[in-house]
Structure formats: structure tokens, C-alpha cells
Amino acid sequence: ETFLNMDTPTFSALVMMWTLESAICLGIVQPALVREVGEIATLQLSFLCMIVFYVLFCLLTPENSAWVFVIMILFSMGSITYPLAVSLATRELPPELQGSLQGAVSVLETVAKIIAPLLASDVIIPAYSEPGQFYGMVYFVAGLLLVPSLWPCHELYKLTARMNPDRTVMLEEIGG
């Protein structure tokens, strides 16, 4: 089976483009956004890009698969979430809690890597595999599962403002 009926050269071009875009997002875009709008707003934007990516990705079919080249930039922007979140957490948490945080993140990541494929392959994909059904449901569900990530990011404004009073004015200006 092929990805969206893409031939090997087209798929290879997509992977190369995604790799380049991710490197640009991590090396250039993330630092620039952090300088301009702060870490938390950048984290929220990254989660939002990932949500929009999954929602748009679920709509792709072999007939409109060329759009994957356009929406892949959203996936690349979403890739800055994890390093930014870890950086923020390790700086804001006291050293004695950083190990607990890293352990909790590892446990959650491992559980997600076990449960997600089972849920997708045994529940979601078979439920939508008949002709004429919505094949992108698994990606739509992934996007929906990311929506709650925006709320904790918003709550971080309160925590970091309390820990670093010098940033309070900047954060209030960003919030409107």
C-alpha cells in the first residue's frame, strides 16, 4: 500500500521537504517566535498548528493529496512543541521535581505509544473502513485529542508570571 497513492519519488520529496521544514522551524522559527511573543504563546501556537494539521490531514484523499505539501508546514510547526515544553518545564521547575516531570512524561509517552495504535487499529480504523466512509477519522480524533492541550498552556501564563515578575507586562500585552 502507498501513502495517498503517492509514487516513491513524490513520497521521498514529501519526507525531504518535511525534514527541511522541521529543521527550519526548530532552528530559526522557534527562537524568533520565542523572542517576539514568548515561550508560552509559541507553545500554544505550536499546539494549534498540530491540531489544524490533523484536521486538514484527515480530509486528504488520493485525489487531493497534493495539498499534503502545503499542510505539512503545520506539522513541522507542531514539532517545536516537545523541545519547547521540556525547556520551559526544566527552567521553571525546581531541580528536585525535574526528574519526576521527565519520568511522568516518559510514562505518558510510553502509554500513548501502546494505546494509540491499538485504539486506531482495533477501534477507529475498522469502524470507518467501508467504502464511502470517512477514512480520515483516526487523524480527526488525533486533532480532537490535542485540543485540551491549549488550556494548560494558557494556565502557564499565571504560573510563570508569578515566578518571573519581569515578564508579567509582556505576557499581559500578548494576551490583549
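How close do the axes of helix α2 and α3 come, and at roughly what angle do they cross? A few notes on that and its surroundings follow.

1. First, the ground rules. This is a predicted model, where local features need pLDDT of at least 70 and side-chain atom pairs count only at pLDDT 80 or more, while totals for chains, interfaces and linings use all residues. Numbering starts from 1 along each chain as its sequence is written, and side-chain values use heavy atoms, with hydrogens and water left out.

2. On the opening question: the axes of α2 (residues 39-57) and α3 come within 7 Å and cross at roughly 150 degrees. Helices here are DSSP runs (H or I, at least four residues), numbered from the N terminus. Axes are lines fitted to C-alpha atoms over the stretch in contact, with angles from 0 to 180 degrees between N-to-C directions. The crossing is left-handed, in the sense that the near helix is turned anticlockwise from the far one by less than a right angle.

3. Who meets whom? The α2 side includes Leu45, Cys49, Phe53 and Phe57, and the α3 side includes Val68, Ile71, Phe75 and Met77 (contact means heavy atoms within 4.5 Å). By class, this contact of α2 with α3 has 14 nonpolar, two polar and no charged residues; Ala, Val, Leu, Ile, Met, Phe, Trp, Tyr, Cys and Pro count as nonpolar, Asp, Glu, Lys and Arg as charged, and the others, Gly among them, as polar.

4. Now the largest nonpolar core, which has 16 residues; Phe53, Phe57, Leu60, Val68, Ile71 and Met77 touch the most other members. Such a core is a set of buried Ala, Val, Leu, Ile, Met, Phe, Trp, Tyr and Cys residues joined through side-chain atoms within 4.5 Å. α3 gives the most to this core, with five residues. Leaving out residues up to four places away in sequence, Phe53 touches Ile71, Met72, Leu74 and Phe75.

5. Ser76 lies in α3 (residues 68-78) and is buried, at 0% relative accessible area (buried is under 20%, exposed over 50%, partly exposed in between, with a 1.4 Å probe and protein chains only). Its side chain makes a polar contact of 3.4 Å with that of Glu21, a polar contact being a pair of N or O atoms within 3.5 Å; within protein, one must be able to donate a hydrogen and the other to accept it, and residues adjacent in sequence count only if both atoms are side-chain atoms.

6. Finally, Val86 sits in helix α4 (residues 81-92) and is partly exposed, at 23%.

How values were computed. Helices (H or I, at least four residues) and strands (E, at least two) are DSSP runs, numbered from the N terminus.
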